[in-house]
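Please consult the sequence and the coordinates while reading.

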Amino acid sequence: MSNYSDDKTTVVLLKQKVKGFVDEREWGKFHNPKNLSTSIAIEASELMELFQWVSENELETLSKDKDHIAKVEAELADVIIYCLSLANTTNIDISKAVINKIERNTIKYPADEFRGIYKKS
Ligand SMILES: [Mg+2]
């Protein structure tokens, strides 16, 4: 479908693609932080819906279902597109924000203390 891949595509290119799509349609006036954060949550819900009522045992089978994988890919893309648009609207540098957050989480959740567990015992 396209020649893009994570190892060859920059975040800035994705941000530009989203901005181009929004600008061509003059949708910038709708892409404010309130609408975009709401849209991220709505699209995240659509992603979650694909796993609603799926048991732990069914996850393995579902992970090989091409139709299901395509639906997950589309909903994940929707979430990311709105995230990119929110970053555009708020002038947030995604790479800086993600790396900063991982660094804060590294301090908050020291690997030796949290290896294999998700909360303090
Ligand atoms: Mg969607």
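In this predicted model, Phe 114 is buried, because its relative accessibility is 11% and the limit for that class is under 20%. The ring of Phe 114 pairs with that of Tyr 109 in an edge-to-face arrangement, with 5.1 Å from centre to centre and 85° between the planes. Tyr 109, in turn, has a relative accessibility of 38% and is therefore classed as partly exposed.

How many aromatic pairs are there under the rule applied here? The count is two aromatic pairs. Phe 21 and Trp 27 form a pair whose ring centres lie 5.6 Å apart; the planes meet at 75°, so this pair is edge-to-face, given that angles over 60 degrees are assigned to that class. Phe 21 counts as partly exposed at 42% relative accessibility, and Trp 27 is likewise partly exposed, with a relative accessible area of 35%.

A charged residue accompanies these two rings. Arg 25 lies over the face of Phe 21, at 3.8 Å from the ring centre. Arg 25 also lies over the face of Trp 27, where the distance to the ring centre is 6.0 Å.

A further point concerns a helix and a contact between separate parts of the sequence. Thr 90 belongs to helix H4, which covers residues 66-90. The relative accessibility of Thr 90 is 31%, so this residue counts as partly exposed. Thr 90 and Asn 32 are separated by 58 residues in sequence, while their C-alpha atoms are 8.5 Å apart in space.

Notes
Residues numbered from 1 in each chain as written. Predicted model: local features only at pLDDT ≥ 70, side-chain atom pairs only at ≥ 80, totals over all residues. Heavy atoms only, no water. Phe/Tyr/Trp six-rings, centres within 6.5 Å; stacked < 30°, edge-to-face > 60°. Buried < 20%, exposed > 50% of the residue type's maximum accessible area, 1.4 Å probe, protein only. Lys NZ or Arg CZ within 6 Å of the ring centre and 35° of its normal. Helix = DSSP H or I, 4+ residues; strand = E, 2+ residues; numbered from the N terminus.
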